[in-house]
Amino acid sequence: MALSGGSTPKVMFEWMAKQQFDWSQVHIFWVDERAVPPDHEQSNFRMTKAALIDPAGIPAANVHRIQSELEPARAARVFESEMLDVFGLAPENVPVFDVIHLGMGSDAHTASLFPGEPLINDLHAVSAAVYVAKLNMWRITLLPAVLLAARNVAVLACGPDKNAAIGRVFSGDEDLNSYPAQLLRTAPQTLWFLDEPAACQITSFL
Ligand code: 6PG
């Protein structure tokens, strides 16, 4: 599976860690990571390690951290190389995850594909380093080809600050560059887990 970060999933990860689940057969990757060291307060790995990996006792050999302390482009190359190796794939292939967990920002970004990011339209590459101007931050992210190839995609988005973006994702005209999460609205393997405050502006399903 590939997990997203941010604040929403922390509670879900803590719940997952308490389930009687055999994690020995699960390999954890990240959908994206901030270009900060793994012990930084903004690190997705740091949050996931505390909320899920350590409490669930997921074997270290099954945890494939993005080495975000490296220069971003190199971190993306190393990440992709390790991912393809674990999947037993040659370069240029697209890994097919059993499960990809995504979140969505109030600007309708998902993974680290923010509005205006040209790689939203790249349906071939696997991962990249992207500069997020609004955050003045580099990130490493999976790209659409991997998100769309997954057997199952679960999008978790909660709270009233997401409802305008959710409304545009589901009910607005197609405008991927402005609403990157629209990438998933026609993906048949995608399930959206929304609370009422986040879903209340959905007027139709396109
Ligand atoms: C990240 C996430 C990102 C997240 C959204 C929603 O690194 O921030 O991968 O894509 O899912 O930003 O984040 P919240 O759950 O904090 O609203």
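A polar contact is a pair of N or O atoms within 3.5 Å; within protein, one must be able to donate a hydrogen and the other to accept it, and residues adjacent in sequence count only if both atoms are side-chain atoms. The model is predicted: local features need pLDDT of at least 70, side-chain atom pairs count only at pLDDT 80 or more, and totals for chains, interfaces and linings use all residues. Residues are numbered from 1 along each chain as its sequence is written, and side-chain values use heavy atoms, with hydrogens and water left out.

Ser7 places a backbone N or O atom 2.7 Å from a ligand oxygen atom. In Arg139, a side-chain N or O atom is 3.3 Å from an oxygen atom of the ligand. The protein buries 88% of the 420 Å² that the ligand exposes when taken alone (accessible areas by the Shrake-Rupley method with a 1.4 Å probe).

Around the ligand are 15 residues, of which Ser7, Thr8, Asp32, His109 and Ala111 come nearest (a residue is near if one of its heavy atoms lies within 4 Å).

Elsewhere in the description come two strands (DSSP runs of E, at least two residues, numbered from the N terminus). Strand E5, residues 127–132, runs antiparallel to strand E6, residues 137–142, and six bridges join them (strands pair if DSSP finds at least two bridges between them). Ala129 has Ile140 in E6 as its bridge partner. Four residues separate E5 from E6 in this hairpin, and Asn136 in the turn has a positive phi of about 50°.
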